[in-house]
Amino acid sequence: MSLLLGIGLLTCITSSEPSAETSVFVLKGQDVRLNVQTNVQLKDVDVIFWKFNRSDNVVMYPRKVTFERYRGRAELIVGDFSLLLKNLQEEDSGLYDAVVSGINDRNVARYVLVVQEKVEPPVLTVNSVSSINGTCNVTVTCRGQNTSVTSSCNSSTCSQVGGESRGAETSTVPLLSVYVAGGSIICNHCNQVSWANDTKEIVELCPLKSVSPPAGSMSVCMLKIILVSVGLVIMISAVITVHIRHRFHYG
């Protein structure tokens with residue numbers, strides 16, 4: 001399942017020029033709309049351009065023009081001078097500027113666009129299962145897109161012991177991670193526009209006696225011992241009571 005079904009852009013409306021670019025992540029094949037980041041009022045001599053990587057013209061207005069490379073894939077929205085890019089591909093990643101050119105040139109928008117594919121489903125492999133002081137420990141390897149992470153996990157947490165976790169929340173590189181949630185070991189592979197995972201249930205990997213019960217809870221074996229003991233006490237008490245009554249009656 002895709003974690004992100006659509007991309008929304010946050011725009012900052014200000015009277016001054018933007019001081020830095022805004023990063024936008026888009027799933028390959030989707031459309032995106034880039035808005036100007038300041039109030040734009042065109043004078044008679046002004047022309048607004050959207051440029052790619054500071055050199056390639058994408059669209060211009062007035063005399064609404066879409067330049068040859070972008071025909072059918074880009075459109076200027078005249079009402080607010082935003083740029084609509086369609087069916088994005090990875091080669092469309094780069095810097096997009098909106099520039100008003102007249103007596104003086106001024107930048108009214110700047111975006112770094114990153115087009116990403118869906119991540120590949122990862123594979124979670126169990127390397128070994130052991131028990132230390134009654135706690136089940138599972139060593140697993142999570143693999144995805146030419147990288148891997150090896151972790152040691154118990155019923156509550158995982159610690160990385162090998163491999164290299166790739167990526168970060170703001171990175172263009174996919175992130176590979178291993179953690180425990182809901183009684184399962186989860187191998188998660190994600191980027192800014194999609195995610196996929198593989199899971200293993202801990203109870204299926206560990207013998208029941210090796211899985212540490214939550215703090216303050218009673219194990220099944222202990223509960224059985226208590227119930228059997230209580231039953232024996234009741235039975236012995238009943239036999240003694242019947243024996244005493246019998247002797248008293250016939251004594």
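How many helices and strands are there in the protein? The protein has 2 helices and 16 strands, where helices (H or I, at least four residues) and strands (E, at least two) are DSSP runs numbered from the N terminus. The model is a predicted one, in which local features need pLDDT of at least 70, side-chain atom pairs count only at pLDDT 80 or more, and totals for chains, interfaces and linings use all residues. Residues are numbered from 1 along each chain as its sequence is written, and side-chain values use heavy atoms, with hydrogens and water left out.

Some totals describe the protein as a whole. Its accessible surface comes to about 15,300 Å², of which 55% belongs to carbon and sulfur atoms; such areas come from the Shrake-Rupley method with a 1.4 Å probe, and for residues only the protein chains shown count as cover. Of the 251 residues, 31% are buried, a term that means under 20% relative accessible area, with exposed meaning over 50% and partly exposed in between (1.4 Å probe, protein chains only). Among contacts (heavy atoms within 4.5 Å) between residues at least 6 apart in sequence, 51% join residues at least 24 apart.

An open sheet of 6 strands runs in the order E1-E9-E8-E3-E4-E5, with mixed pairing; two strands pair if DSSP finds at least two bridges between them. Strands E1 (22–27) and E5 (65–66) stand at the edges with a single partner strand each, so one side of each has no neighbour in the sheet. Within the sheet order, E3 (residues 47–52) pairs with E4 (residues 56–61) in the antiparallel sense over 5 bridges. Lys 51 is placed opposite Asn 57 in E4.

The largest nonpolar core has 26 residues, of which Leu 34, Trp 50, Val 58, Leu 83, Leu 85, Tyr 96 and Leu 113 touch the most other members. Such a core is a set of buried Ala, Val, Leu, Ile, Met, Phe, Trp, Tyr and Cys residues joined through side-chain atoms within 4.5 Å. Strands that each supply at least two residues of this core include E3, E4, E7 (82–85) and E8 (94–101), while E9 gives the most, with 5 residues. Not counting residues up to four places away in sequence, Val 58 touches residues including Trp 50, Phe 52, Val 65, Tyr 70, Leu 83 and Tyr 96. A second, separate core of 15 residues includes Cys 136, Cys 153, Val 178 and Cys 187.

A search of the whole structure finds 3 disulfides, each defined as a pair of cysteine sulfur atoms within 2.5 Å. The link of Cys 136 and Cys 206 is left-handed, with -75° about the S-S bond. Cys 136 counts as buried at 5% relative accessibility, and Cys 206 is buried at 7%.

Another disulfide joins Cys 142 to Cys 187 (S to S 1.8 Å). Cys 142 is in strand E11 and Cys 187 in strand E15 (residues 184–190), 45 residues apart. Both Cys 142 and Cys 187 are buried, and their link is right-handed, with 55° about the S-S bond. A disulfide also joins Cys 153 to Cys 158 (S to S 2.0 Å); its torsion about the S-S bond is about 110°, so this disulfide is right-handed. With the bonded cysteines numbered in sequence order, the pairing is 1-6, 2-5, 3-4.
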